[in-house]
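Q: Hi! I'm new to this one. Could you walk me through a few spots?

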Amino acid sequence: MNRQQRRAAAKTDKLSNRSPAALIGSGLQYLQSGQFSEAEKCCHEILAGDPDHADSFHLLGLISAKANKHDQAIEFITQAIRKNPNNAVYHSNLGTMLQRQSRFDEALKSFDLTLSLKPESADTWIKLGNVLQRQGRFEEAIPAYDRALEIDPPRPEAGTNRTQASALYKKGVCLRHLMRLEEARISFDQALAIYPDHFDALNDRGRTLLDLWRADEALMDFRKAIRIDPNSAAPLNNCGITLILLRRCEEALETLDRALSISPDLAELFNNKGNALKYLGRFDEALLNYDRAIELKPDYAEARSNRGNCLDEMGRYGEALSCYEDALALQPDHADTHWNIAVNRLRAGDLRTGWVENEWRWKIKSLQVKHRSFGQPLWIGAEPIDGKVLLLHNEQGLGDALQFVRYVPLLAARGARIVLEVDGPLKKLLSGLSGVSHCIAKGEALPDFDFHCPLTSLPLAFDTTLDTIPSKVPYISVGARATDWGTRLHSQNLPRIGLVWSGNPIHNNDRNRSMPLVSLLPLLDVKAQFVSLQKDIRSSDEAVLRERNDILHLGAELQSFADTAALIEQLDLVISVDTSVAHLTGALGRPVWIFLPYVPDWRWLLDREDSPWYPTARLFRQSQAREWHSVVDEMQRALTVFAELSRQR
């Protein structure tokens, strides 16, 4: 016998003389150090003397699992359970193996058996939650995580506890799937309080904050996640999305290019890069990126829809519609695509299609339209309303409310009593609207009612087409107690011209619809009295306004839309960009000239100077060059004629 054989024999004798417990202990040490064959020898040594030794079968299962022999692992641990069915650890580990094989229902049974033997096992409750989460059973998973956290409460002061942090993180994931976003954020907060460098919790909290429209905070989370793992494309992608929402698109492009250097074949990155380029007006480049995203992922409905949106922005409306149709063929319930079709069709004058697709707006996150949950049924034209109380409520902008309250007299003519809920600044003006029984501001107590309808759904309820738009004006009037602005206007027989040059800066199309005051200055060469109705003055316009003594600025004195309406009644013409003041002027039946960007809001249609919604409106449109200079020049010429005719009257 040589030296090596003597050592092996000595080692065998040494093992043979050890108890099963000692052999199991040695086997576990071998397993932890990656010496799988030595660990197996320990098990077989025991089984040679005791074929029913459950711990040996269990250890063989763990060894097989480490060696990625999952079916074999399941078989060994199942044998261990047959030998000793009352060992909670066996059932728990079997559940883990079954989960890895995506045998979720069997895994749940194993975890249930574990908890019947050891109900205070926090680890098993977490495992149970994980399986339920994988099955999409988020409502059931949350109590499992809660039970684990009750058994072993989080203690941030005790330092990092990755198991607890994982439970809180997974709970947050479930809450996020259920769109319980604020609760999800709190759960991610708690996970990060225990484990501040939890990469996934940072990334998902950032996504949740983004959904809550807290983009600046989201950006901080994504950037911390990037610092933790600079080579992960996910937080870079999310950071890029956030920068786009913050209108920092040049930074977004840099970030997305960095992500593409890590994951050059990730379709989502090209889609988001296309979005940044589209916002910057680099449409041809955007199309190339959408095309690349679709090439990498042919069933990518979102990229096809975004490509259509880009073509819409380019004025290629027919091609855009084809893209939307392709997207819906892949994903019929893609809400953003339905909304894009609504805008495309309404702008083209196909109102019937547009109104139907417009009902998808409730599912569009970017619109931030809040769905009202009423016990009373929604009315969109089907039920008789004679003698019924109908609540009308506005879920969109002030201009939308002013445009669609035109339907109120028609509803009253059907015998309905109308309760109108509007934004506070509109209450005084619309309280006197014909057909309104009761006008309330948002937040005030609602009276009893039988049906409800959003104002923006009224055109659908009336099956409105271009030929049937209720276009009679005025349908809004100034009350008897309105402010008398006549004493403030001293025009000396000159026409009085109101000016509005910018809208709400947070409007998603404000960069295209608004203009700086300096762009309007050529109009001031016309002999007229110019009155600013601009309520909120941007810092870039303040200096220009101060320097001009030929603009009477009354915007700061307008306390409500009733005040604005009373002032408009004293004017001969209002010139406005596409804002609520333009709608108000049209609803009052007063002359209004409206500046429109190259791709206008849907309600102004295409290729026409008039509006079927407002007979007193005249539309001045940008050309494909998308600049205001030529449009202002055109309006200046028209205004010169208008002023001359006014002086002759």
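Predicted model: local features only at pLDDT ≥ 70, side-chain atom pairs only at ≥ 80, totals over all residues.

Q: Helix α9 then: how far apart are its end C-alpha atoms?

A: They are 20 Å apart. That agrees with what 14 residues at 1.5 Å a residue should span, for residues 138-151.

Q: Which residues of α9 are buried?

A: Phe 138, Ala 141, Ile 142, Ala 144, Tyr 145, Ala 148 and Leu 149. They cover an arc of only 165° around the axis, so they sit on the same side of α9.

Q: And what do those buried residues pack against?

A: Against α8 (122-134) and α10 (162-177).

Q: Switching to rings: how many aromatic pairs are there?

A: The structure has 12 aromatic pairs. In one of them, Tyr 169 and Phe 188 are tilted, with 5.8 Å centre to centre and 35° between the planes. Tyr 169 belongs to helix α10 and Phe 188 to helix α11, 19 residues apart.

Q: Is Phe 188 buried or exposed?

A: Buried, because its relative accessibility is 0%, and the cut-off for buried is under 20%.

Q: Which residues form a cluster of aromatics?

A: Trp 355, Phe 404, Trp 602 and Trp 613 form one.

Q: Last topic: where does Gly 415 lie?

A: Gly 415 is in the loop between α23 (408-413) and β2 (417-422). Leaving out residues up to four places away in sequence, Gly 415 touches Ile 385, Asp 386, Gly 387 and Lys 388.

Technical notes:
Residues numbered from 1 in each chain as written. Heavy atoms only, no water. Helix = DSSP H or I, 4+ residues; strand = E, 2+ residues; numbered from the N terminus. Expected span 1.5 Å × (residues − 1). Buried < 20%, exposed > 50% of the residue type's maximum accessible area, 1.4 Å probe, protein only. Arc of directions from axis to C-beta. Contact = heavy atoms within 4.5 Å. Phe/Tyr/Trp six-rings, centres within 6.5 Å; stacked < 30°, edge-to-face > 60°.
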